[in-house]
Amino acid sequence: MGKEKKAGNVYVPNREIFQRINYLYQAAHMVLKNCPSNTELVRFYMQSIKTMAKRQVLRLDPSIKRNICKKCFMLLVPGISASVRFKAKQEKRCVIRCLECNTVKCFIHSKDYKLWGQQPEAWMDQSHTNGKGPG
Ligand SMILES: [Zn+2]
């Protein structure tokens, strides 16, 4: 008769995982930006993210998923580790090629889809911008 009730016990196991994923994602960006030749470390981070998400059956944020090479797990950043092309005839089609293994990804632009190259900057700005102007 001394059984505890589970109700009311708010346990959020995923929060920690998401924090870890976020951390790894930022770390991967940092490595790629500061030391682009260290692709092994970048891949390790990205692969860890995927493995973690898979194990916990989490749905990765589309912006993260989109930036991982499905073949070699490289973090895809335009101009650094990936090339991005827009098909002339199909404006909404975006082709991303992993410069590591040449795997190609195709995406279709949606209305609220931001310019691809701005995304890494977007999260980096968050840590800097504190009511401070650009200059
Ligand atoms: Zn690749």
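Predicted model: local features only at pLDDT ≥ 70, side-chain atom pairs only at ≥ 80, totals over all residues.
1. Overall make-up. The protein contains 4 helices and 3 strands. Read from the N terminus, the order of elements is α-α-α-β-β-β-α. Of its 135 residues, 18% are buried. Taking contacts between residues at least 6 apart in sequence, 50% join residues at least 24 apart.

2. Dimensions of α2. Helix α2 covers residues 39-55, which makes 17 residues. From first C-alpha to last, α2 reaches 24 Å, close to the 24 Å expected at 1.5 Å a residue.

3. Which residues of α2 are buried? They are Val 42, Arg 43, Tyr 45, Met 46 and Ile 49. Viewed down the helix axis, the buried residues fall within an arc of 160 degrees, so they line one face of α2. An α-helix has 3.6 residues a turn, so residues three or four places apart point the same way. On the other side of α2, the exposed residues are Glu 40, Thr 51, Lys 54 and Arg 55. Note that Arg 43 belongs to the buried set, whereas Arg 55 is exposed.

4. What comes after α2. Val 57 follows the helix and has a positive phi, near 50 degrees. A reader checking the backbone may want to look at Val 57, given that positive value.

5. The nonpolar core. The largest nonpolar core has 18 residues. Those that touch the most other members are Ala 28, Val 42, Met 46, Met 74, Leu 75 and Leu 76. Two or more residues come from each of α1 (13-34) and α2. The greatest contribution is that of α1, with 5 residues.

6. Contacts of Leu 75. Leaving aside residues up to four places away in sequence, what does Leu 75 touch? Its partners are Ala 28, His 29, Leu 32, Val 42, Met 46, Asn 67, Ile 68 and Ser 81. Among them, Ala 28, Val 42 and Met 46 are, like Leu 75, in the group that touches the most other core members.

7. Asn 38 sits in the loop between α1 and α2. Is Asn 38 buried or exposed? Asn 38 counts as exposed, because there are 12 C-beta neighbours inside 10 Å. Asn 38 and Ala 28 are 10 residues apart along the chain, and their C-alpha atoms are separated by 10.0 Å.

Key
Residues numbered from 1 in each chain as written. Expected span 1.5 Å × (residues − 1). Buried ≥ 20, exposed ≤ 12 C-beta atoms within 10 Å, placed from the backbone. Arc of directions from axis to C-beta. Contact = placed C-beta atoms within 7 Å. Core = buried A, V, L, I, M, F, W, Y, C linked by C-beta atoms within 7 Å.
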